[in-house]
Amino acid sequence: MNSFRLVGPLIRLLDAEKAHSFTLWCLKKGVAPSQKVTPDPILQTSIWGREFTNPLGLAAGFDKNAEVVKPMLAQGFGFTEVGSITPRAQPGNPKPRIFRLSEDKAVINRMGFNNAGAVAAAENLSELRKQPLNGLLGVNLGKNKDTAVALDDYEMGAKQLCHFADYIVINVSSPNTPGLRALQDRKELEILIVGVQRVLLEEMGEKAPPLVLKIAPDLTEADKVDIAAVALDLALDGLTITNTTIERPSSLKSNHRSETGGLSGAPLFDASTRVLSDMYRLTEGKIPLIGVGGISSGEQAYQKIRAGASLIQLYSALVYFGPPLVTEILEDLSRLLKRDGYNSVSEAVGAEHN
Ligand SMILES: Cc1cc2nc3c(=O)[nH]c(=O)nc-3n(C[C@H](O)[C@H](O)[C@H](O)COP(=O)(O)O)c2cc1C
């Protein structure tokens, strides 16, 4: 019996944010077990000239300050994404601000980019980079709540953190920072992407990490067409699809369903996979996509890949199923790829569009 079956229900007796802090503490102290991972070569994949031992990553928001990169990679993830990190430290919204919707296997959060800021993250990341990592590392950038010109913050974050990143994400899709999602508008996006691309080039030239944009699931058809056009025109390196949703499906049962914030977990799966599939079609399969939203099984990981994801991520399912889920998903994904006659995960990317 894995130890999470024993400890998980106890941790879930704590309020959601205390449970998260306790989990981070255990991971930092090294008292959380790591998983026995035997990487199956069928899961190896190469994106942006970088080698991933498997396509499953930890989504942003779990490790906002880059404190538990190594222990989370030791759970079997092929990569992990830290952040969102804002230039200056900020406390985020008043507590309580994370809610478990247990009956729905979902989470609502309105954290509001609580984080220790880019200087603290840079210290952690530079320490981490002294030794090789057992996986790849994405750095997710946000903006401070009180910054008027968003571009300034994303440029500053990129300048301070690009040296540590295997890829950089501009997050314009969290619902908990006023005005943030309006940056998904075509003109705003162009300004933002061009600005950050310029900073990355100035800082690192040809060695600059790939630039990825993280988008919301709550987009109109016109928004999606615009974002795809901007991504292709500006040679963006990737899209992460999707962040949490402000929608509340009528199927939700939990008492917390009306809390303000972004909904993630099982009820987000269908909506986020639809946007993923739409974006794959609109970008003609030319841009690597990271599929995230509601994954809690190998079957669902496989569905995201077939819809167009080259890489996949999860967060909320860890709250309910714990770290053993990572190896379970990877084993099931290998089995499903072999069942369908694929030799590598990359062959299955976008298969539903053929
Ligand atoms: C508590 C919590 C905090 C999050 N914080 C961030 C964040 O800071 N930046 C970000 O880009 N996404 C953040 N996310 C969104 C996740 O990265 C992911 O896109 C979303 O939860 C959907 O995946 P899931 O259903 O597997 O959780 C957060 C999610 C949760 C549950």
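Where in the chain does Lys-105 lie? Lys-105 lies in the loop between β5 and β6, and I will come back to this residue at the end, once the strands on either side of that loop have been placed. Before I go on, please keep in mind that what we have here is a predicted model.

Let me begin with the barrel. Eight strands form a closed barrel, which runs in the order β3-β4-β7-β8-β9-β10-β12-β13, and the pairing in this barrel is parallel. If we ignore direction, neighbouring strands of this sheet are turned against each other by 25 degrees on average. One of the pairings is that of strand β3, residues 56–58, with strand β13, residues 311–314, and these two run in the parallel sense and are joined over three bridges. For those who like to find such a pairing on the screen, Leu-58 stands opposite Leu-314 in β13. Against this sheet packs helix α5, residues 150–161, which touches β4, β7 (136–141) and β8 (167–171), and the direction of the helix makes about 155 degrees with that of β7.

Now to the other sheet, which is an open one made of three strands in the order β5-β6-β11, with antiparallel pairing. Strands β5 (98–101) and β11 stand at its edges, and each has a single partner strand, so that one side of each is left without a neighbour in the sheet. The twist from one strand to the next averages 25 degrees here. Within this sheet, β6 and β11 pair in the antiparallel sense over four bridges, and Asn-109 can be seen opposite Gly-262 in β11.

With the strands in place, we can turn to the ligand. The ligand is surrounded by 24 residues, of which the closest are Ala-60, Ser-84, Gly-265, Gly-294 and Ser-316. Which strands supply at least two residues each to the shell around the ligand? They are β4 (79–85), β6 (106–109) and β11 (262–265); of these, β4 belongs to the closed barrel, while β6 and β11 belong to the open sheet. By residue type, the shell divides into eight nonpolar, 14 polar and two charged residues.

As for individual side chains, an oxygen atom of the ligand is placed 2.6 Å from an N or O atom in the side chain of Ser-316. For the side chain of Lys-214, the distance from an N or O atom to an oxygen atom of the ligand is 2.8 Å, and for that of Lys-64 it is 2.9 Å. On its own the ligand has 600 Å² of accessible area, and the protein covers 98% of that.

Terms used:
Residues are numbered from 1 along each chain as its sequence is written. This is a predicted model: local features need pLDDT of at least 70, side-chain atom pairs count only at pLDDT 80 or more; totals for chains, interfaces and linings use all residues. Side-chain values use heavy atoms; hydrogens and water are left out. A residue is near a molecule or strand if one of its heavy atoms lies within 4 Å of it. A polar contact is a pair of N or O atoms within 3.5 Å; within protein, one must be able to donate a hydrogen and the other to accept it, and residues adjacent in sequence count only if both atoms are side-chain atoms. Accessible areas come from the Shrake-Rupley method with a 1.4 Å probe; for residues, only the protein chains shown count as cover. Ala, Val, Leu, Ile, Met, Phe, Trp, Tyr, Cys and Pro count as nonpolar, Asp, Glu, Lys and Arg as charged, and the others, Gly among them, as polar. Two strands pair if DSSP finds at least two bridges between them. Axes are lines fitted to C-alpha atoms, for helices over the stretch in contact, and angles run from 0 to 180 degrees between N-to-C directions. Contact means heavy atoms within 4.5 Å.
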